[in-house]
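The stops below are given in the order in which to select them.

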Amino acid sequence: MILTNNITVNESGNTILVEGDQLAVLKKARDLIHKGHYLMASPLAASGRMHFSPVRSILISDKPEGDNTQSLLAIENSIELLQNSLATHTVDYKNKEDYEFIDYELLKVALKEVSELGDRFNK
């Protein structure tokens with residue numbers, strides 16, 4: 001499942017468009033992780049500069065299952081890191097279209113990697 005506030009992400013019916021900034025996306029992921037979902041890829045931005053992006057896309061499991069302690073720790077740490085970053089810097093809305101493009105490209109790479117890993121485990 002994809003959680004995003006990036007309007008350029010047009011994947012499947014398995015995409016949840018989150019209203020708000022990237023912190024809202026992280027918090028939505030945390031809420032779902034509390035319900036048993038787990039992270040499929042790191043929720044951290046690809047680089048420090050991406051912390052200033054107004055958009056974020058995160059991959060989480062389609063269904064709640066199993067122990068997701070690592071996901072919970074990762075999302076909580078990601079929220080804290082982003083909040084600390086935003087305390088000293090402002091979000092760069094001026095370059096939002098560029099950030100949307102980068103976020104979508106990173107999402108496509110993550111989707112491909114998750115798919116390839118799934119293929120390896122299903123053999």
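Is Lys 96 buried, partly exposed or exposed? Select Lys 96: its relative accessibility is 32%, so it counts as partly exposed. Keep in mind throughout that this is a predicted model.

Lys 96 forms a salt bridge with Glu 100, and the closest N and O atoms are 3.9 Å apart. Glu 100 counts as buried, at 7% relative accessibility. The two residues are four apart in helix H3, so about one helical turn separates Lys 96 and Glu 100. An α-helix has 3.6 residues a turn, so residues three or four places apart point the same way.

Now select Phe 101, Ile 102 and Leu 106. These residues make a nonpolar surface patch of about 270 Å². Ile 102 belongs to helix H3, residues 96-121, and is partly exposed at 35% relative accessibility.

Continue along H3 to Glu 105 and Lys 108. They lie three residues apart in this helix, about one turn. A salt bridge joins Lys 108 to Glu 105, with the closest N and O atoms 2.9 Å apart. Glu 105 is partly exposed, with a relative accessible area of 30%, and Lys 108 is partly exposed at 38%. While Lys 108 is selected, show Val 9 as well: the C-alpha atoms of Lys 108 and Val 9 are separated by 9.5 Å, although the residues are 99 apart along the chain.

The next pair is Lys 112 and Glu 116. Their salt bridge has its closest N and O atoms 3.8 Å apart. Lys 112 is exposed, with a relative accessible area of 53%, whereas Glu 116 is partly exposed at 34% relative accessibility. A search of the whole structure finds three salt bridges.

Move to helix H1, residues 22-34. At 1.5 Å a residue, its 13 residues should span 18 Å, and the end C-alpha atoms are 19 Å apart, which agrees. At the start of H1, select Asp 21: one of its side-chain oxygens comes to within 3.2 Å of the backbone nitrogen of Leu 23. After H1 comes Gly 36, with a positive phi near 115°.

Then colour the buried residues of H1, among them Leu 26, Ala 29 and Ile 33. The buried residues of H1 pack against strand S1 (2-4), strand S3 (57-59) and helix H2 (69-88).

End on Ser 71 in helix H2. Ser 71 is buried, with a relative accessible area of 7%. Leaving aside residues up to four places away in sequence, Ser 71 touches Ile 33, Tyr 38 and Leu 39.

Technical notes
Residues numbered from 1 in each chain as written. Predicted model: local features only at pLDDT ≥ 70, side-chain atom pairs only at ≥ 80, totals over all residues. Heavy atoms only, no water. Expected span 1.5 Å × (residues − 1). Buried < 20%, exposed > 50% of the residue type's maximum accessible area, 1.4 Å probe, protein only. Contact = heavy atoms within 4.5 Å. Polar contact = N/O pair within 3.5 Å; in protein donor to acceptor, adjacent residues only side chain to side chain. Patch = residues over 30% accessible without salt bridge, like charges linked within 9 Å, V, L, I, M, F, W, Y side chains within 5 Å. Areas by Shrake-Rupley, 256 points an atom, 1.4 Å probe, with all protein chains shown as cover. Salt bridge = Lys/Arg side-chain N within 4 Å of Asp/Glu carboxyl O.
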